[in-house]
Amino acid sequence: MPTAPDSEYEFVSQEWLLAELRSDSKSLVILDCRSSNEYGESHIRDAVNFSIPSIMLRRLAAGKIDLVSTIKCRELKNKICSNYKENLFVLYNELYGVQQHLSDSTLSVLLRRLTQDGCRVVCLEDGFSRFKASYPEWCDSCSELLETTGTLPPAAGPDPLPLMGLRSLRISAPPLHRPHRSCDSLSSAANSSTDSSDTDDRCDSSLGLEDDKEFPVEILPYLFLGNAANSEDSQALARHSIQYVLNVTPDLPNVFEDLGSIKYMQIPITDHWSQNLASHFPQAIEFIGK
């Protein structure tokens with residue numbers, strides 16, 4: 001696997017990747033770093049889409065979350081965790097050569113993070129488009145999977161799109177008859193990975209809001225959406241290591257502010273169409289990023 005000129009990272013050719021795909025290597029993990037829509041239209045066979053929201057990408061780059069915490073599919077999580085440094089990660093996007101990691105992209109962040117973790121990681125030198133042009137039979141689309149089998153792959157559950165990142169996360173609480181972790185505030189600054197429960201078997205993007213009768217819910221790793229009652233529950237806040245609370249109300253108190261154990265930011269606006277919520281986004285994003 002050669003190292004490209006002017007780059008400290010390794011690149012692999014499309015011919016090399018084809019040989020690995022044909023050999024059905026068990027240690028190969030192919031990560032598609034394009035958008036979910038691009039992945040859905042076409043992707044390299046067996047590739048997993050790594051498309052996450054910018055706030056998670058920044059936290060991953062800063063070392064505040066790890067790669068495993070972005071994965072909700074238990075099968076994929078087990079594969080990566082069990083042989084994290086033995087797996088060979090192959091990353092690709094639409095760019096080629098050194099352009100792939102010189103830009104501030106998902107691929108460049110993921111490449112740096114995996115390298116820092118001591119993992120074996122390479123980039124597809126020619127990018128996806130050139131691979132597809134040379135080997136279209138080794139590329140799949142999500143619609144083709146449905147048309148060919150009539151069902152979705154077992155590991156993908158009801159949504160065959162990404163197994164990692166935003167579309168693998170659900171803004172929903174598990175059904176009441178199933179065991180689950182409760183989620184208890186707005187923003188958590190815990191440093192350890194969020195454990196998956198048995199309810200993470202599904203790799204889907206369903207919001208499931210019709211099933212949600214209670215808040216709070218975990219919308220991203222360490223980021224919770226809650227209500228007034230949740231923010232006053234000291235035991236729940238402590239249980240989930242909640243250290244930051246973003247209070248988006250004009251009148252609800254910052255209950256534990258005087259104790260010093262929880263840091264607050266209050267945006268005093270009401271839930272009304274006339275309120276300019278967007279003007280508060282920069283400071284809110286900065287606060288959540290802590």
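1. pLDDT is the predictor's confidence in each residue, on a scale from 0 to 100. The mean pLDDT of this protein is 75, and 70% of its residues reach 70 or more.

2. This is a predicted model, in which local features need pLDDT of at least 70 and side-chain atom pairs count only at pLDDT 80 or more, while totals for chains, interfaces and linings use all residues. Residues are numbered from 1 along each chain as its sequence is written, and side-chain values use heavy atoms, with hydrogens and water left out.

3. Two stretches call for caution. Over residues 2-6 the pLDDT stays under 50, and the model has ten contacts (heavy atoms within 4.5 Å) for them beyond four places in sequence. Residues 149-163 have a pLDDT below 50 as well; beyond near neighbours in sequence, the model gives this stretch 41 contacts. Where pLDDT is low, the predicted coordinates should not be read in detail.

4. Helices here are DSSP runs (H or I, at least four residues), numbered from the N terminus. Helix α6 covers residues 106-116. The buried residues are Thr106, Leu107, Ser108, Val109, Leu110, Leu111, Arg113 and Leu114. After α6 comes Gly118, with a positive phi near 80 degrees.

5. Helix α3 (residues 54-61) packs against α6 at an angle of about 30 degrees, and their axes are 9 Å apart. Axes are lines fitted to C-alpha atoms over the stretch in contact, and angles run from 0 to 180 degrees between N-to-C directions. Angles under 35 degrees count as roughly parallel, and α3 and α6 are therefore roughly parallel to each other. Leu57, Leu60 and Ala61 in α3 meet Thr106, Val109, Leu110 and Arg113 in α6.

6. A second pair is helix α1 (residues 14-23) and helix α7 (residues 127-134), whose axes come within 10 Å and cross at roughly 65 degrees. The range for roughly perpendicular is 65 to 115 degrees, and α1 and α7 are therefore roughly perpendicular to each other. In this contact, Gln14, Leu17, Leu18 and Leu21 of α1 meet Arg130, Phe131 and Ser134 of α7. The contact of α1 with α7 has four nonpolar, two polar and one charged residues.

Note on methods. Helix = DSSP H or I, 4+ residues; strand = E, 2+ residues; numbered from the N terminus. Parallel < 35°, antiparallel > 145°, perpendicular 65-115°, else oblique. Buried < 20%, exposed > 50% of the residue type's maximum accessible area, 1.4 Å probe, protein only. Nonpolar A, V, L, I, M, F, W, Y, C, P; charged D, E, K, R; others polar.
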